[in-house]
Amino acid sequence: MTKILTPDARPAEDFMDAEAAVARLEELYAQATEFLCAHFSTAMSEGAPQSRIRAFYPEVMFKTSTFAQVDTRLSFGHVSAPGSFRATITRPDLFRSYLTQQIGLLIENHDQPVIIGASDTPIPVHFAVANDASITVPQEGAADFTLRDVFDVPDLSTTNDDIVNGTYTPADGVGALAPFTAQRVDYSLARLAHYTATDPVHFQNHVLFTNYQFYVSEFEAYARQQLDDPASGYTAFVSTDNAIITTGDEPLAEAIKIPQMPTYHLKRADGSGITLVNIGVGPSNAKTATDHIAVLRPHAWLMVGHCAGLRNSQALGDFVLAHAYLREDHVLDDDLPVWVPIPALAEIQIALEQAVAEVTALEGYELKRIMRTGTVATIDNRNWELRDQSGPVQRLSQSRAVALDMESATIAANGYRFRVPYGTLLCVSDKPLHGELKLPGMASDFYKTQVTRHLLIGIQAMERLRTMPLERIHSRKLRSFEETAFL
């Protein structure tokens, strides 16, 4: 049997103080990753060691023997029944505020300690070295030895969405404490860095998705104004390749290579700023982005993109506030069946409608001149207009859809699946059923003005949500019968 070399981790210990518990998680994680990085560097320079090298993720364990009497208004911060629960943890430095908050609520609501120690889940060497820019993992066959013979590599049995999909069945009877395993989080952190060309550390708690490059220029202009206002609370603007400015007149370094999903961050010191992601076109992109951003546990994400208006009474530049979704995107059919309703979230809807009223200076009945509330249909065929219209138009009519796009229902459905509050405000860019196709020269002055306002409305909505207590914005509508204690 091959000898296994592991770090000398401290034994598991009870904690009634959340900050101390997170400090121990950071200590254990640093010890494990430093151990793997050191042995990996030695192996690459001196050849394969005689022992297998292994280190483990730290974990949070929680045990309770009673049904706690907690505030029933809370949708998180407690377990639903007696038992044992665990969560493997990665990058506790990145998730320090989140972990401190979630562990603190668990201790407070149950008056029971959490147990911090090493788990039995190995850390894949690829993820351990990801935080050290001086180390890269070679492709299979490039090293003088077979990597998986010496080090652990990513394992799909612990890199999946079983917990959030409600299909998780623990073999040992220990329930899940968090919605994602450490390996699943590490996988997404690596994907985010690849797709967005920014480090996950820059992501903020409020995320705007768009499918139009124009919004990026508007976002940068807005960010520069905010950085020049000491009262704004914003501290930095981060562009692709992690280019950072802290004042409005600083130049931004040009990106060496434009990523698949260019991402920009208007940061606040506590992480409550705004991240803008240009996901491009299509439900696959929308799913990819939200699959990975979800592990950062944002407080809200909104879609602010373009759509086809389906009513003759709409004009180019009108807004559509989605209150329901017709899901014909198909990318989530295996994870979230189409019979699952995606409810509108009152807190998000109100914030968006109030933001539209504030930016346009229209209220009440007058607001209906430029905004409709209704069903948004999302499809996976950009050229749906070229097909036989009898089927699509009938479904759109039966659903009472007022707009059609390729991303909104995917983003909302993944928000529902991942328990991330979601919403959609679209801007009508064409009316294909009424002879106004998206062609050069079609945009009116009103449309151009509305597009300029659109991003500001999304930002204003996020500003409103930022001041909302966490227990209000994280709606109980997003939680099932048996939920993880952590958001």
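Leu177 touches Val60, Phe62, Val79, Phe85, Arg86, Ala87, Leu106, Thr484, Ala485 and Phe486, residues up to four places away in sequence being left out; contact here means heavy atoms within 4.5 Å. The model is predicted, with local features requiring pLDDT of at least 70 and side-chain atom pairs pLDDT 80 or more, while totals for chains, interfaces and linings use all residues. Numbering runs from 1 along each chain as its sequence is written, and side-chain values use heavy atoms, without hydrogens and water.

**Nonpolar cores**
- A nonpolar core is a set of buried Ala, Val, Leu, Ile, Met, Phe, Trp, Tyr and Cys residues joined through side-chain atoms within 4.5 Å, where buried means under 20% relative accessible area (1.4 Å probe, protein chains only).
- The largest nonpolar core has 112 residues, of which Ile103, Val114, Leu177, Phe209 and Trp301 touch the most other members.
- A second, separate core holds 20 residues, among them Phe40, Ala43, Tyr57 and Ile123.

**Thr210**
- Thr210 belongs to strand 8 (residues 206-210); strands are DSSP runs of E, at least two residues, and helices are runs of H or I, at least four, numbered from the N terminus.
- Thr210 counts as buried because its relative accessibility is 0%.
- A polar atom of the Thr210 side chain lies 3.0 Å from the backbone oxygen of Val304.
- Beyond four places in sequence, Thr210 is in contact with residues including Tyr215, Leu276, Ile279 and Met303.

**Helix 11**
- Helix 11 spans residues 408-418 and is mostly covered, ten of its eleven residues being buried.
- Among these buried residues are Ser408, Asn414, Arg417 and Phe418.
- Arg419 follows helix 11 and has a positive phi, near 60°.

Conventions:
Buried means under 20% relative accessible area, exposed over 50%, partly exposed in between (1.4 Å probe, protein chains only). A polar contact is a pair of N or O atoms within 3.5 Å; within protein, one must be able to donate a hydrogen and the other to accept it, and residues adjacent in sequence count only if both atoms are side-chain atoms.
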